[in-house]
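Subject: Structure handover

Hello,

Here is the structure for your work. My notes follow below it.

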Amino acid sequence: MTNDSQASELTDGFHLVIEALKLNGITNIYGLPGIPVTDLTRMMQEEGMRVISFRHEQNAGNAAAIAGFMTGKPGVCLTVSAPGFLNGLTALANATTNCFPMILISGSSEREIVDLQQGDYEEMDQLAIAKPLCKAAFRVLNAEDIGVGIARAIRSAVSGRPGGVYLDLPAKLFGQAMDAAAGKASLIKVVDPAPRQIPAPDAVKRALDLLKSAKKPLILLGKGAAYAQADADIKTLVEKSGIPYLPMSMAKGILPDTHEQCASAARSFVLPEADVVLLVGARLNWLLSHGKGKTWGGKDHKNPGGQKFIQIDISPTEADSNVAIDAPLVGDIGSCVSALLAGMGSSWAKPPTEWTSAVAERKNKNVAKMAETLAKDPSPMNYHSSLNVVRDIIKANPDAILVNEGANALDFTRSIVDMYKPRKRLDVGTWGVMGIGMGFAVAAAVESGQPVIAIEGDSAFGFSGMEVETICRYNLPVCIVIMNNNGVYRGDELARGGSKDPSPLVFVKGARYDKLMEAFGGVGVQATTPAELRRAMEDAIKSRKPTLINAVIDEGAGTESGRITSLNPTSAAKKK
Ligand code: OXT
Ligand code: ADP
Ligand code: MG
């Protein structure tokens, strides 16, 4: 046989990347094309992948990250080199901070030119820059290593504590040819990418003994509990134990917020009063005042309140990061919760009624107070009267996904709008970052097919607003409601020092964000009353047409930084 007759079929880097992703069930790509990945996006589409092309990489990255949170599979963002890569990096870092599994795949310039700093097109040592901002970072130089590179990226993103992973693919890799059969054989289908981690029996016993000893126990559910998709067992744990529970923002809906054991409306009562707190996928970071200080009944911000903590977390080093954890339970939430359930047996004693009645009393008082405020109909609308409408719409459409960002627009929505199902509330998360809105909304619609309602502060919306074109282009069932108060926190602030410029905190008054949606063929509505808002939201849900409602809010209704005013340095200094 001559060499010619043996000529084998060839494949290349482009196709190996595509096949490796598809082999691992990854079919949605969030990205932005350009050198050197333009053809990759075309070929991905040709090969049956869904490529969602954005207007800015940060939004594509946020979309990938939240797709990871929603599905438990890594969301993939694809960017061009240097500037595109950097635009995607904020989302990668945010994914890592929030424990969302995501892979940022970026094209890059040629190693030999970058390393000698000879000024290549979009030259940058991307791998080195990404490393401190993600769980793991890899570069693939040879086509035969693509399978390993993608397998390592997937495993790193979803195993243990989930997070962001960077995968660097230099331009030259894509065109590299190799024997097709050898190429196929080099790909890896990752087996058991997020292995269960079973907690040790003695740790389970320690946790149960502590929980049993409690007079005023509390369960705190975090977004790790939502991510873990152990919804049925978590519900059983809460109900079987009879313990009041408090959901963190993105854990709302694991059990319906209307559940009788939900203590959201008694938050500032239960935290300092509880004696034993079971943390399920929630960190004692700033959102929980680091487990100490007045929030927990401590004397001042340096002192804990004397609670004992049980912490379920997949990361063994999370325990003791802020205060002592008396019973760490290391493992995946599904396995830990089912081990607790098994250990509780059939005769678990519910908490003393003095405790559950006290919680119920405080809760009912706050719920009644809230109902009174929600019933008011001021003109102009305020956060309460407009969000009362959103509350009804979500109640009627519990499968809809709620995306939420802003300061007042965030905090009021969290406390006013009840959630009924898990992983339906997606928001600014651990960093309180603005700019997640449209990326999250796009991915939520793409991944779930459900209607998406994005409640956006007018400032928050500005960070990703251009993606309304993306929403229209893909005809996604997204209804954006801009809580338009003409500014950051408030719209009524005046300039200082006799300046002719506006205050740094205000925007153009009476802006018509609805026109922005109309520019791309979507539905734009101006709403100045709750009735107008309700009609527009109902139409949007029914029609599934991209819709933007400019909800005009009293520009003086908000407070500085919403509920976290005390974190501003001037307020913090005053308190000392
Ligand atoms: O118990 P009490 O009495 O205390 O009452 C509580 C509950 O019991 C009660 N409650 C209820 N009552 C009755 N019924 C029910 N169902 C119920 N549920 C609750 O309500 C209260 C409050 O409850 P909550 O919310 O649970 O409790 P609390 O004490 O607030 O919880 C504490 C926290 C810390 C857990 C919570 O506050 C929280 O999760 N906060 C998150 C805050 C956050 O992340 N904020 C976003 C960042 S702010 C700032 O940084 C902004 N920036 C700067 C910037 C950022 N972030 N990013 C980037 C990239 N660049 C710049 C900017 C630019 S915000 C912002 C824009 C702001 O302007 P916008 O126009 O967008 O928005 P507007 O403000 O609307 O103008
Ligand atoms: P929240 O902001 O809602 O309080 P955090 O992001 O602070 O939540 O905490 C989430 C925690 O959940 C992280 O410490 C993370 O390690 C943990 N976690 C995520 N997924 C799992 C899982 N499957 N099993 C156990 N712990 C998990
Ligand atoms: Mg605003």
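Helices (H or I, at least four residues) and strands (E, at least two) are DSSP runs, numbered from the N terminus. This is a predicted model, where local features need pLDDT of at least 70, side-chain atom pairs count only at pLDDT 80 or more, and totals for chains, interfaces and linings use all residues. Residues are numbered from 1 along each chain as its sequence is written, chains are lettered from A and ligands numbered from 1 in the order in which they are written, and side-chain values use heavy atoms, with hydrogens and water left out.

Ligand 1

The shell around ligand 1 holds 33 residues. A residue counts as near when one of its heavy atoms lies within 4 Å of the molecule or strand. Ser268, Tyr383, Arg414, Gly432 and Asp458 are the closest. H17 gives the most to this shell, with six residues.

Now the polar contacts, meaning pairs of N or O atoms within 3.5 Å; within protein, one must be able to donate a hydrogen and the other to accept it, and residues adjacent in sequence count only if both atoms are side-chain atoms. A polar backbone atom of serine 264 is 3.2 Å from an oxygen atom of ligand 1. The side chain of arginine 414 has an N or O atom 2.8 Å from a ligand 1 oxygen. For arginine 563, a side-chain N or O atom is also 2.8 Å from an oxygen of ligand 1. On its own, ligand 1 has 1500 Å² of accessible area, and the protein covers 79% of it. Accessible areas come from the Shrake-Rupley method with a 1.4 Å probe; for residues, only the protein chains shown count as cover. Helix H13 (267-273), H15, helix H17 (408-416) and helix H19 (458-462) are the elements that give two or more residues to the shell.

By class, the ligand 1 shell has 17 nonpolar, 11 polar and five charged residues. Ala, Val, Leu, Ile, Met, Phe, Trp, Tyr, Cys and Pro count as nonpolar; Asp, Glu, Lys and Arg as charged; the others, Gly among them, as polar.

Ligand 2

Here 19 residues form the surroundings, and the closest are Arg161, Lys223, Arg283, Asp313 and Ile333. Helix H11 (residues 223-227) gives the most to this shell, with three residues. The classes are eight nonpolar, six polar and five charged.

Aspartate 313 places a polar side-chain atom 2.5 Å from an oxygen atom of ligand 2. Glycine 281 has a backbone N or O atom 3.4 Å from a ligand 2 oxygen. A polar backbone atom of isoleucine 333 is 2.9 Å from a nitrogen atom of ligand 2. Ligand 2 taken alone exposes 580 Å², of which the protein buries 96%.

H15 and H16

How do the axes of H15 and H16 cross? The axes of H15 (residues 353-375) and H16 (residues 383-396) come within 8 Å and cross at roughly 105°. Axes are lines fitted to C-alpha atoms, for helices over the stretch in contact, and angles run from 0 to 180 degrees between N-to-C directions. H15 and H16 are therefore roughly perpendicular (65 to 115 degrees).

Met370, Thr373 and Leu374 in H15 meet His384, Asn388 and Arg391 in H16, with contact meaning heavy atoms within 4.5 Å.

Backbone

Most residues other than glycine have a negative phi, and most peptide bonds are trans. The serine 379 to proline 380 bond is cis, with omega near -5°. Proline 380 sits in the loop between H15 and H16.

Best wishes

How values were computed: Angles under 35 degrees count as roughly parallel, over 145 as roughly antiparallel, 65 to 115 as roughly perpendicular and the rest as oblique.
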